[in-house]
Amino acid sequence: MKDRIVIKGARQHNLRDISAELPRNALIAFTGVSGSGKSSLAFDTIFTEGRRRYVESPSVYARQFLGELDKPDVDVIEGLSPAIAIDQKRTADGFSRVRVDGEVHPLAGQPPLDKRGKHSIDVVVDRLAVKASARQRLTESVETALGLAGGVVRVDFVDLDASDPEREVRFSERMGCPRAHDIGLEALEPRLFSFNAPWGACPECTGLGSRMEADLGLVVPDEEKSLSEGAVAPWTNASGAEYFTRLLAAVAAAAGFSTVVPWRQLPAAAKKVVPHGFREQVHLTCRNRCGRERSRLTRFEGVLPHVTRRHAQEDPSRERFAGCLREVPCPACGGARLKPGVFAVTVGGRAIAELTALPIDQLARFSRDLEPAGRERRVADAVVAEIGERLRFLLDVGLDHLSLNRPAASPSGGEAQWIRPATQICTGLVGVLYVLDEPSIGLHQRDNRRLIETLLRLRDGGNTVIVVEHDEETVKVADRVVDIGPGAGAHGGHVVHSGTVRELLGHPSSLTGACLSGRRRIPPPEARRPRTKGRAITVHDAGEHNLREVSVSFPLGQFVAATGVPGSGRSTLVNDILYTALAKRLHGAHKVPGRRHTLTGVEEIDKVVQVDQSPIGRSPRSDPATYTGVFDHPRKLFGQSPEAKVRGYQPGRFSFNFKGGRCEHRYGDGTIKVERNFLPDAYVPCEVCHGAPYNRETLDVHFKGRSITDVLGMTIEDSLDFFAEHAIISRHLRTLHDVGLGHVELGQPATTLSGGEAQCVKLASVLQKRTKGRSLCVLDEPTTGLHVDDVRQLLAVLHRLVDQGNTVVVIEHDLDVIKTADWTVDMGPEGGHRGGTVIAEGTPEQVAAQPRSYTGQFLRPLLERS
């Protein structure tokens with residue numbers, strides 16, 4: 001058993017009592033269509049059982065901080081070998097005297113204290129005479145005092161007169177004044193350089209590096225309006241609107257400008273007074289509650305300070321002002337998020353904020369060239385080696401353009417995929433079981449080889465590596481392939497193949513084998529849609545982030561692919577500029593696009609939609625049925641059933657968001673959230689309704705022999721048959737099925753959906769709405785988590801949307817998607833500061849002919865084979 005992992009009787013989720021033997025110290029790929037059960041076997045069975053055994057290894061005391069983990073539904077798993085070490089406890093010191101308000105008392109007889117007053121309380125660590133023989137005792141006492149008082153000790157020279165200024169002297173081991181002045185540093189330790197710890201975080205922004213500040217462009221979104229027409233958005237259509245109109249009129253009269261002139265035409269002085277305030281009092285006339293006019297003198301603070309102040313207040317109206325705020329760097333730390341004193345500590349002449357702002361390739365070069373001397377070398381050698389190893393891993397997977405101070409939410413999906421494993425994979429452990437979920441997500445084909453080399457290096461280091469993967473190149477280098485299927489949902493859960501890649505390619509029942517061998521493939525279109533002259537949206541001179549004043553046209557009525565290596569600027573161009581600018585122009589969205597750009601051709605469309613990989617909800621209450629709106633119709637059917645009419649139930653009874661029909665124990669959640677300090681939160685079924693979010697009376701009502709909970713538990717494929725006679729419901733469900741979600745349950749919690757599945761739910765919601773053919777839809781890596789056959793279904797839906805006259809823009813690496821596009825915009829040539837330019841524009845064939853394009857280099861042989 002030492003050379004393999006044995007699984008017997010796995011039944012987690014849709015697994016059908018399967019058994020498998022996996023070699024240890026090997027690279028193993030789990031494949032299969034989306035929903036076939038591969039993640040249920042890899043993560044919910046093997047990984048969960050390994051983590052459960054790990055958590056149960058510590059003492060009872062330690063386990064109380066980790067929480068209990070459920071055992072997966074499996075008979076036997078052998079070959080897992082977790083290990084853990086627990087530090088021994090320390091004993092506490094004891095003392096006999098205490099000084100209260102300057103007077104020493106024995107601990108047994110301390111004076112009564114006034115609980116309403118402030119007191120100075122010091123522990124007397126030691127009393128001794130200064131002599132040569134007391135040197136060791138003095139040293140130990142000072143060290144004890146420093147440890148108790150956070151690095152500060154007071155020495156009372158009792159032989160001196162009480163009025164002598166030298167009677168009591170304070171000493172500090174910190175790098176600063178011991179007399180409680182503001183400037184100074186504590187002892188140099190890692191937490192001092194962490195903005196997540198109070199010891200190192202900037203006190204002004206508490207380590208966030210930014211603050212919310214009112215933005216004039218959001219406060220006055222339409223410069224063609226005058227002040228009397230409501231140019232100041234937060235003061236329009238709100239309580240007190242008449243008051244603010246009169247206040248602006250009073251300010252205008254005092255400052256000498258008009259309120260009926262468009263904002264754009266106001267003089268510079270007026271554009272300074274309205275946002276920032278007027279230094280003199282103004283004469284304000286307003287009506288009281290009885291309708292009588294009253295006059296008084298008042299000050300005008302300015303619109304921007306007013307918005308910032310109102311948003312900071314704990315008031316229900318604060319949300320009205322949220323859309324007028326922009327995130328700006330903290331003025332105290334300049335966005336570095338650390339205390340100012342920390343920047344005085346340098347390595348190689350650079351502070352930590354400077355180093356974390358460098359691109360990873362430059363930081364790696366800096367660490368290689370660093371040459372500490374003497375004592376510094378002994379301290380730095382091990383640390384620099386560890387830093388170099390972790391940076392090398394990030395370089396190996398193509399993230400050389402990122403900087404370490406990038407906010408966690410800003411990297412793309414592919415970039416974020418590899419940031420977290422950098423910590424675990426670089427530890428150099430041996431005998432570890434690594435389980436990775438689609439590590440190739442978001443990586444360009446250029447970087448795939450480096451990823452594979454990293455996985456093989458892990459395997460060769462004596463570890464077992466399991467990857468749940470769809471990528472052809474990654475699967476083909478695996479030592480063993482376990483293909484789960486043959487279909488998704490109820491049609492999956494079986495081991496179709498467990499063996500070598502060569503055997504998989506010829507397997508007659510494996511859909512994965514058919515796709516990898518070329519027997520089943522996605523062909524390019526026979527003819528690409530022609531461009532219509534003059535019908536395009538063009539971004540001019542875009543300079544946001546790393547974009548280098550680029551101008552790009554997106555042809556309308558076409559399927560457009562934005563490509564390039566990670567960090568090349570394609571997401572900035574499409575998401576931060578194209579979509580955000582269109583959403584602001586067409587729908588009045590508050591988010592501000594990149595500042596340096598102009599946009600033409602907007603009049604050619606009347607709607608823009610973004611479909612990204614963010615969750616459709618952050619709690620189990622959210623699911624595909626409620627997100628797409630299809631659930632409203634089954635609720636009406638249940639409300640019209642004979643049993644519901646007899647009981648007087650309305651459709652609202654069958655919603656778990658309202659009182660009456662839901663289980664009130666968990667307010668319709670059906671689950672209990674269990675927070676575990678050092679592990680992800682877990683959800684367990686409610687002990688009253690056992691996971692059904694309804695009460696017993698509601699579940700007694702049936703439609704076609706099924707309760708409302710039974711309907712939510714159906715897969716979308718099964719529900720199509722169940723509601724076949726209801727056209728509206730069938731239309732909604734057919735769209736969900738067509739985007740490849742037939743295996744997903746109608747009521748499947750949002751927290752269990754992959755990024756790709758969540759994106760498909762959003763796409764289905766968009767497709768269900770009837771369109772006039774003048775819409776633009778933006779998708780960010782829609783093939784995430786999808787099998788090749790699922791990609792084929794998704795492309796059919798997207799091209800059908802384009803055939804209706806709409807425009808689809810996808811940010812994508814998948815060559816099967818790119819080769820079917822009508823137009824391609826390739827960014828690069830590299831990522832970060834070495835990217836931000838347009839390498840090629842045109843059809844996939846034209847991009848493939850561009851020698852500077854990495855995308856073209858991999859696209860060319862694929863088009864030639866097709």
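In this predicted model, Arg449 and Glu473 form a salt bridge, with 3.5 Å between the closest N and O atoms. The two residues belong to distant parts of the chain: Arg449 lies in helix α14 and Glu473 in helix α15, which spans residues 472-476, and 24 residues separate the pair. Arg449 has a relative accessibility of 35% and therefore counts as partly exposed. Glu473, at 30% relative accessible area, is likewise partly exposed, because that class takes in values between 20% and 50%.

Over the whole structure, a search finds 47 salt bridges. One of these connects Arg191 to Glu189, the closest N and O atoms lying 3.2 Å apart. Arg191 is partly exposed at 32% relative accessibility, and Glu189 is partly exposed at 31%. Another salt bridge is formed by Arg4 with Asp3, where the closest N and O atoms are 3.2 Å apart. Here the two partners fall into separate classes: Arg4, at 27% relative accessibility, counts as partly exposed, whereas Asp3, with a relative accessible area of 51%, is exposed. The cut-off matters for Asp3, because exposed means over 50%.

Helix α11 (residues 375-396) and helix α14 (residues 445-460) pack at an angle of about 135 degrees, and their axes are 8 Å apart. The two helices are therefore oblique to each other, because an angle has to be over 145 degrees to count as roughly antiparallel. On the α11 side the residues that meet α14 are Arg392, Phe393, Leu395 and Asp396; on the α14 side they are Arg450, Leu451, Thr454 and Arg457. Sorted by class, this contact holds 4 charged, 3 nonpolar and 1 polar residues.

The next element is a sheet. Five strands make up an open sheet in the order β18-β19-β3-β20-β21, and their pairing is mixed. Strands β18 (433-437) and β21 (494-499) are the edge strands, each pairing on one side only. From one strand to the next, the twist averages 15 degrees. Helix α14 returns at this point: α14 packs on the sheet and touches β3, β18 and β19, and the direction of α14 makes about 145 degrees with that of β19.

Strand β3 sits between β19 and β20 in the sheet order. On one side, β3 (residues 27-31) pairs with β19 (residues 464-468) in the parallel sense, over 4 bridges. Along this pairing, Leu27 stands opposite Val465 in β19, and Phe30 stands opposite Val468 in β19. Strand β20 (residues 480-485) is also parallel to β3 and is joined to β3 by 4 bridges. Across that pairing, Ile28 stands opposite Arg480 in β20.

How are the side chains of β3 arranged, and are they buried or exposed? In a regular strand, side chains alternate between the two faces of the sheet. In β3, Leu27, Ala29 and Thr31 point one way, Ile28 and Phe30 point the other way, and all are buried. Since 5 of the 5 residues of β3 are buried, the strand is largely enclosed by the rest of the structure. Buried here means under 20% relative accessible area.

Helix α6 (residues 268-276) and helix α7 (residues 303-312) pack at an angle of about 20 degrees, with 4 Å between their axes. Helices α6 and α7 are therefore roughly parallel to each other, because angles under 35 degrees are placed in that class. Val274, Pro275 and His276 of α6 make the contact with Val303, Leu304 and Pro305 of α7. By class, 5 of the residues in this contact are nonpolar and 1 is polar, with no charged residues. The contact of α11 with α14, by comparison, has 4 charged residues.

Key:
Residues numbered from 1 in each chain as written. Predicted model: local features only at pLDDT ≥ 70, side-chain atom pairs only at ≥ 80, totals over all residues. Heavy atoms only, no water. Axes fitted to C-alpha atoms, helices over the stretch in contact; angles between N-to-C directions. Parallel < 35°, antiparallel > 145°, perpendicular 65-115°, else oblique. Contact = heavy atoms within 4.5 Å. Nonpolar A, V, L, I, M, F, W, Y, C, P; charged D, E, K, R; others polar. Pairing = 2+ DSSP bridges. Salt bridge = Lys/Arg side-chain N within 4 Å of Asp/Glu carboxyl O. Buried < 20%, exposed > 50% of the residue type's maximum accessible area, 1.4 Å probe, protein only.
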